[in-house]
Amino acid sequence: RVVATIDGFSAVESSQVMPTPADFTLVSYEPDGAIDSEGFRVDEIILDINDPVGTEDYYGFRVLIPQFFCRFDEVGDSVICETSFEFSNDAFLDSQDPLLKFSDGYGLVITDQSFNGETYRIRLLADVFQNEGVRLEVYRLTEDAYRYGVSRDAFNEAGDNPFAEPVNIHNNVEGGYGFFIAASRSYIVLEE
């Protein structure tokens with residue numbers, strides 16, 4: 001729960017319940033194992049989400065590509081190179097599954113409305129161009145995080161289009177504007 005106060009204004013507040021980590025199983029990861037809608041070879045990631053019964057759940061999926069950093073070691077008079085996720089890049093994700101939506105911050109997202117309490121297979125197509133150290137992140141989101149991410153992506157996509165309908169970004173601050181969201185993250189390094 002967050003409460004914000006400023007002299008001369010009414011207090012505003014928002015609260016979230018932190019979701020537990022997603023229960024998932026990596027089924028397969030195959031570099032260049034699929035063809036996207038434009039005919040290009042992309043990596044295929046298949047995972048199963050084991051959704052709990054009787055709750056409304058939201059999930060997000062991102063694939064991160066580590067950055068390669070080199071530094072000069074003056075003591076050993078050599079160059080040391082390593083990969084790091086500190087400043088990683090998101091791989092472009094796509095899916096043929098119509099239930100998955102694009103989201104700002106959580107990659108592709110899905111709600112369990114059509115598979116509540118069941119195991120659901122997610123098939124992701126990732127434009128990675130690197131087969132070493134790629135990481136799949138799986139999020140379990142609050143409803144507000146899901147709605148914010150989807151509406152923020154729609155806002156970004158509308159861009160400077162003068163013919164686009166205005167997009168209202170989801171907010172959850174009572175008595176004000178903004179968002180306070182929570183998500184739990186699990187990840188796995190993808191290997192062939």
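In the hairpin formed by β3 and β4, 5 residues lie between the strands, and G39 adopts a positive phi near 90°. Strands here are DSSP runs of E of at least two residues, numbered from the N terminus. The model is predicted, with local features requiring pLDDT of at least 70 and side-chain atom pairs counted only at pLDDT 80 or more, whereas totals for chains, interfaces and linings use all residues. Residues are numbered from 1 along each chain as its sequence is written, and side-chain values use heavy atoms, with hydrogens and water left out.

Strand β3 (residues 24-35) runs antiparallel to β4 and is joined to β4 by 8 bridges; two strands are taken to pair if DSSP finds at least two bridges between them. Within this pairing, A34 stands opposite V42 of β4.

Strand β4 spans residues 41-50 and includes D48. D48 is buried, at a relative accessible area of 14% (buried: under 20%, 1.4 Å probe, protein chains only). The side chains of D48 and R121 are joined by a polar contact of 2.8 Å, the term denoting a pair of N or O atoms within 3.5 Å, one able to donate a hydrogen and the other to accept it, with residues adjacent in sequence counted only if both atoms are side-chain atoms. Beyond its neighbours within four places in sequence, D48 is in contact (heavy atoms within 4.5 Å) with residues including F24, V27 and Y120.

Definitions and conventions
Helices (H or I, at least four residues) and strands (E, at least two) are DSSP runs, numbered from the N terminus. Buried means under 20% relative accessible area, exposed over 50%, partly exposed in between (1.4 Å probe, protein chains only).
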